[in-house]
Amino acid sequence: MRWRDVSGLTAFALVALITVAWWGLALWPLGNDAPAWLARTQYVCFGTQPDGLPDASGWLALILQPALMLGILGVITGETVLRRLRALARTGAGRAMLAGVAAAVLVGIGAAGKRVVTAGRWNPAVTALGSADPAVYERLDRPAPGLRLTDQHGETLTLERFVGRPVLLTFAFGHCETVCPAVVHDVRAAVERLADIAPAVLVVTLDPWRDVPSRLPSIAQQWNLAGEAFVLGGSVEAVEDVLDRWSVPRSRDPSTGDIIHPRLVYIIDSHGKLVYVTSGGADTVAGLLRRL
């Protein structure tokens, strides 16, 4: 075997390994105990959406970068690699190796397909989450998961209190300086546009370790929550139970307290039914409230 044949096969093998690692990083499902660095890396590299899958630019990176590398290698060493592959195919051991590689590729494609198909099962409306057009959102019309937490006034609050009026429920934490202030602002802006509907606003903390009940008043002031707008917290166990029941994806770094999470706004009607979920801005939230 000539050195150029070996180097060509090695280069293609490296591209294949890099591609597998690249796709694995992008599609690896994150549980609540996933390390924060992994969630942050997925978000930075692939623009992770609320369902855990890459956004449009992330998919382009996944497809185009390996294709570009393979194209360059094909131009440089394609003929020698094809010659070596044909030589391998003439031997029993070579055919077995090639069959194993083909089987691994098929398994990988199947695993990726399954990940894509099952990604949105935590919420049936996930396909509409990023849309700015309220008309594309399908109604969920299912009972809202319950919650029983402490508000900034030190009172126990449940969803039953708001039967007869709609509710906007979102999730944030006091130390957050990026997503949280934006989503709380959008929710408040949507409420201001809909004085005739007058929905209540509930913001459940994602960080019960630091957003203890005694800090909720200052957090409410920080986010300009007043009147029928509440920030909710409680014990770590109680808050985590609520977050789990509402299927809130999140990943916490125990060393820093930072929490990676998507934008989520749940819209609950006056009968206590969960009707919509969105990651959209104030216009989208207001439009969905109008559709109740």
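Visitor: Against which elements do the buried residues of α5 pack?

Guide: Contact means heavy atoms within 4.5 Å. The buried residues of α5 pack against β4 (167-172), β5 (200-205), β9 (265-268) and α8 (282-290). This is a predicted model, in which local features need pLDDT of at least 70, side-chain atom pairs count only at pLDDT 80 or more, and totals for chains, interfaces and linings use all residues. Residues are numbered from 1 along each chain as its sequence is written, and side-chain values use heavy atoms, with hydrogens and water left out.

Visitor: Which residues of α5 are buried?

Guide: Buried means under 20% relative accessible area, exposed over 50%, and partly exposed in between (1.4 Å probe, protein chains only). In α5, the buried residues include Cys-180, Val-184 and Arg-188. Trp-223 touches these three residues, among others.

Visitor: Which residues touch the most other members of the largest nonpolar core?

Guide: A nonpolar core is a set of buried Ala, Val, Leu, Ile, Met, Phe, Trp, Tyr and Cys residues joined through side-chain atoms within 4.5 Å. The largest has 56 residues, and Leu-147, Leu-169, Phe-171, Leu-202, Trp-223 and Trp-246 touch the most other members. Helix α5 gives the most to this core, with 6 residues. A second, separate core of 6 residues includes Ala-26, Leu-27, Leu-62 and Ala-112.

Visitor: Is Ile-109 buried or exposed?

Guide: Ile-109 lies in helix α4 (residues 92-118) and is exposed, with a relative accessible area of 55%.

Conventions:
Helix = DSSP H or I, 4+ residues; strand = E, 2+ residues; numbered from the N terminus. Lists of a residue's contacts leave out its neighbours within four places in sequence.
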